[in-house]
Amino acid sequence: SNSDLFFSSIFARFSASFNYLKAVIEDNKPQNTDGGTFTSGADRTRDLNTEIYDPDGIVSIVANQFKIIPGKWIISWSAPALEVSRHQSFLYDITNAVEVKRGTSDLSNSAAGTVSRSPGIAFVNIPIITTYEIRHRCQTSLATIGFGAADNFGTEVYTRVEIYSVK
């Protein structure tokens with residue numbers, strides 16, 4: 001029917017621009033292990049240590065940095081902070097020594113036991129294997145749990161990065 005043709009045409013155009021999830025990497029720590037100390041005054045590199053999903057081998061992790069193969073990518077990330085007042089994460093390109101994109105400006109009240117996340121998203125079109133890391137800055141230092149507090153339910157998950165391909 002004409003309506004079937006119409007909808008299949010729309011679907012074909014719409015799906016041609018889909019972003020497909022290609023990789024997920026995280027900071028995973030053993031059960032009952034806090035996220036770590038968040039010290040104010042400078043950018044801090046967030047831990048990344050576990051590949052959750054990477055069926056095509058597009059990413060590798062070494063020393064809290066991740067390398068991505070050439071291509072067009074959407075990189076999405078999220079990093080928690082606990083009781084550090086104002087904080088903001090960002091994607092940093094190690095290969096080219098440049099800040100790529102800032103995450104959201106957030107507030108986790110330093111007196112009320114609150115946690116908030118600073119998520120971000122960036123488009124990159126890279127011609128060579130490129131190394132990145134997630135950096136984070138805060139207003140008020142907090143030892144042991146500034147990067148997140150353990151829940152003690154199982155594996156503790158803190159920073160997460162998702163990488164999508166772009167056509």
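Reply: Tyr53 is partly exposed, at 37% relative accessibility; buried means under 20% relative accessible area, exposed over 50%, and partly exposed in between, using a 1.4 Å probe and protein chains only. The model is a predicted one, in which local features need pLDDT of at least 70 and side-chain atom pairs count only at pLDDT 80 or more, while totals for chains, interfaces and linings use all residues. Residues are numbered from 1 along each chain as its sequence is written, and side-chain values use heavy atoms, with hydrogens and water left out.

Tyr53 lies in strand β3 (residues 50-53); strands (E, at least two residues) and helices (H or I, at least four) are DSSP runs numbered from the N terminus. Together with Leu21 and Ile52, Tyr53 makes a nonpolar surface patch of about 260 Å². Patch residues have over 30% relative accessible area and no salt bridge, with nonpolar side chains (Val, Leu, Ile, Met, Phe, Trp, Tyr) joined within 5 Å and like charges within 9 Å. The areas come from the Shrake-Rupley method with a 1.4 Å probe, and for residues only the protein chains shown count as cover.

Ile126, in strand β9 (residues 115-126), is buried at 8% relative accessibility. Leaving aside neighbours within four places in sequence, Ile126 is in contact (heavy atoms within 4.5 Å) with Ile68, Ile69, Pro70, Gly71, Trp73 and Tyr132. For Pro70, the C-alpha to C-alpha distance from Ile126 is 5.1 Å, across 56 residues of sequence.

Now the charged pairs. Side chains of opposite charge can pair when their charged atoms come close. The structure holds seven salt bridges, each a side-chain nitrogen of Lys or Arg within 4 Å of a carboxyl oxygen of Asp or Glu. One of them joins the side chains of Arg160 and Glu26, at 2.5 Å from N to O. This pair links distant parts of the chain, 134 residues apart: Arg160 is in strand β11 (residues 156-165) and Glu26 in strand β1 (residues 20-29). Arg160 is partly exposed, with a relative accessible area of 35%, whereas Glu26 is buried at 4%.

Another salt bridge is that of Arg102 with Glu99, where the closest N and O atoms are 3.1 Å apart. Arg102 is partly exposed at 30% relative accessibility, and Glu99 is partly exposed at 36%. Glu133 and Arg135 also form a salt bridge, their closest N and O atoms being 2.5 Å apart; both residues are buried.
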